[in-house]
Amino acid sequence: MDDTASDLRFTPQLFELRRLKMPLVRPFRTSFGTETVREMMIARVVTEHGEGWAECSIESDPLYLSEFLDAADHVFSDHLVPRLFAHGALRAEDVADVLEPVKGHRMAKATLEMALLDVQLRAAGISFQQYIGGTSTSVEVGVSVGITDTIDELVSNVAGYVEDGYTRVKLKIEPGFDIEPVRRVREANPDIRLQVDANTAYFVEDIDHLAQLDELALLLIEQPFGEDDLVGHAELARRITTPVCLDEAIRSLDHTRTALALNAAHIINIKPARVGGYLAAVKIHDHCRALGIPVWCGGMLETGIGRAANLALASLPGFTLPGDISATKRYWTQDITRPFEMVDGRIEVPTGPGFGVDVDLDFVEEITFERRELRPV
Ligand code: OSB
Ligand code: MG
């Protein structure tokens with residue numbers, strides 16, 4: 001990583017946490033629920049060397065992972081932010097160590113690290129991509145497509161995305177909505193790169209059923225079993241030919257090492273928030289790359305802040321599969337940053353200092369329904 005800014009330290013004077021409501025352009029249904037208006041949180045930190053912004057990828061309910069926004073409110077104000085204030089001047093690289101005594105809550109920790117990283121890189125005048133040594137100027141992206149009431153509706157939604165230029169499509173599946181819908185999408189699109197994501201909706205008893213996906217030429221199947229069932233995923237990997245990818249199971253470098261040691265995954269979905277932040281995400285990338293394990297960047301239906309950062313992360317050389325990083329218009333009619341457009345299945349990596357996006361304060365103010373300021377006492 002680039003160390004051009006290694007002497008400056010930053011003293012957080014204020015963390016501002018905002019909860020926003022953003023209407024999705026189309027409802028997003030997974031095995032754990034349907035979202036129409038997405039509740040999100042963003043954070044801003046103020047230091048003596050400027051301010052920084054962060055995406056907080058925590059969801060309103062604990063249905064994807066255990067963290068959820070009402071709990072995060074408490075964790076930020078009573079556990080995490082006081083530790084940063086008490087520590088005093090620091091660098092983004094110190095955040096994980098300072099917060100280490102607090103167990104879990106990786107998405108909350110990731111938010112605070114991200115805000116400080118933005119400040120630090122802006123102060124140094126370098127982009128996040130430069131800092132991590134990302135190489136490509138644009139990255140290949142894909143789209144994650146929700147479950148629908150009918151298969152016809154799914155086929156039509158996918159046709160729309162293919163029309164928009166997506167060449168890699170991920171279908172959400174669940175028991176009762178799996179083999180047949182995926183087969184129909186495959187028949188209608190013989191050449192697209194297709195993959196599926198079950199968000200833990202299956203059990204090892206379903207392996208023979210899931211093996212029917214093998215004839216549909218999928219890039220991968222993502223996290224069919226529970227977040228702790230590495231042995232189950234290892235058995236799946238032995239019994240099907242579709243490559244197995246883990247999402248929810250990978251919450252740290254240690255989980256990655258363990259999963260790979262057990263042969264529970266051929267491919268890793270790296271979601272920065274889930275693993276405790278972008279710095280941990282880079283370490284997982286490096287580990288996987290050294291072992292020849294392909295990785296791709298997962299998404300959390302982010303605002304432009306998270307999207308900007310994910311694009312830079314995905315420009316590292318080990319991200320050899322297209323990420324769940326879609327164009328802005330796939331998510332929002334209006335974003336809190338400038339929109340990101342896809343050209344030929346790729347999106348350009350931001351080059352400005354920090355994460356390289358400016359936040360539209362007027363629009364943020366309009367969609368904020370709760371705002372809190374945390375200051376040192
Ligand atoms: O499992 O990848 C997932 C969104 C929220 C929670 C979990 C997941 C997702 C997605 C969205 O699939 C991908 C995107 O941001 O485009
Ligand atoms: Mg997933």
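What volume does the largest pocket have? The answer is about 620 Å³. The structure is a predicted model.

## The largest pocket

The lining of this pocket holds 23 residues. A96, D97, V275, G276 and A280 are the closest to its centre.

By residue type, the lining of the largest pocket has 10 nonpolar, 3 polar and 10 charged members. Domain 1 (3-124 + 358-374) and domain 2 (130-348) each supply at least three residues to the lining of the largest pocket.

## Helix α2

Helix α2 spans residues 92-99. Its residues A92, V95, V98 and L99 are buried. Why do they share a side of α2? They cover an arc of only 90 degrees around the axis, and that puts them on the same side of the helix. The general rule behind such patterns is that an α-helix has 3.6 residues a turn, so residues three or four places apart point the same way.

Which elements cover the buried residues of α2? They include α1 (69-87), α3 (106-124) and α10 (278-291).

Strand β2 (33-47) is among the elements that supply at least two lining residues here, along with β1 (12-30), β6 (168-172) and α12 (328-331). The largest share comes from β2, at 6 residues. The lining of the second largest pocket splits into 8 nonpolar, 7 polar and 10 charged residues.

## Cavities

How many cavities of 30 Å³ or more does a search of the whole structure find? There are 3. The largest cavity has about 110 Å³ of space. It is lined by 15 residues, and E55, S57, P272, A273 and Y278 are the closest to its centre.

Helices α3 and α11 (304-313) each supply at least two residues of the lining of the largest cavity. The largest share, 4 residues, comes from α3. The lining of the largest cavity comprises 7 nonpolar, 5 polar and 3 charged residues. At least three residues come from each of domain 1 and domain 2.

## E39 in strand β2

Strand β2 is also the place of E39. Is E39 buried or exposed? Its relative accessibility is 18%, so E39 counts as buried; the cut-off for burial is under 20%.

Which residues does E39 touch, leaving aside those up to four places away in sequence? They are R19, L20, K21, S60, L69 and F369. I58 is 19 residues from E39 along the chain. The C-alpha atoms of E39 and I58 are separated by 9.1 Å.

Notes:
Residues numbered from 1 in each chain as written. Chains lettered and ligands numbered in written order. Predicted model: local features only at pLDDT ≥ 70, side-chain atom pairs only at ≥ 80, totals over all residues. Heavy atoms only, no water. Buried < 20%, exposed > 50% of the residue type's maximum accessible area, 1.4 Å probe, protein only. Arc of directions from axis to C-beta. Contact = heavy atoms within 4.5 Å. 1 Å grid on protein atoms, 1.4 Å probe; cavity = no way out; pocket = protein on both sides within 12 Å on 5 of 7 lines; lining within 4 Å. Points joined across faces, edges and corners; volume = space filled by probe spheres on them. Nonpolar A, V, L, I, M, F, W, Y, C, P; charged D, E, K, R; others polar. Domains from an automatic or database assignment.
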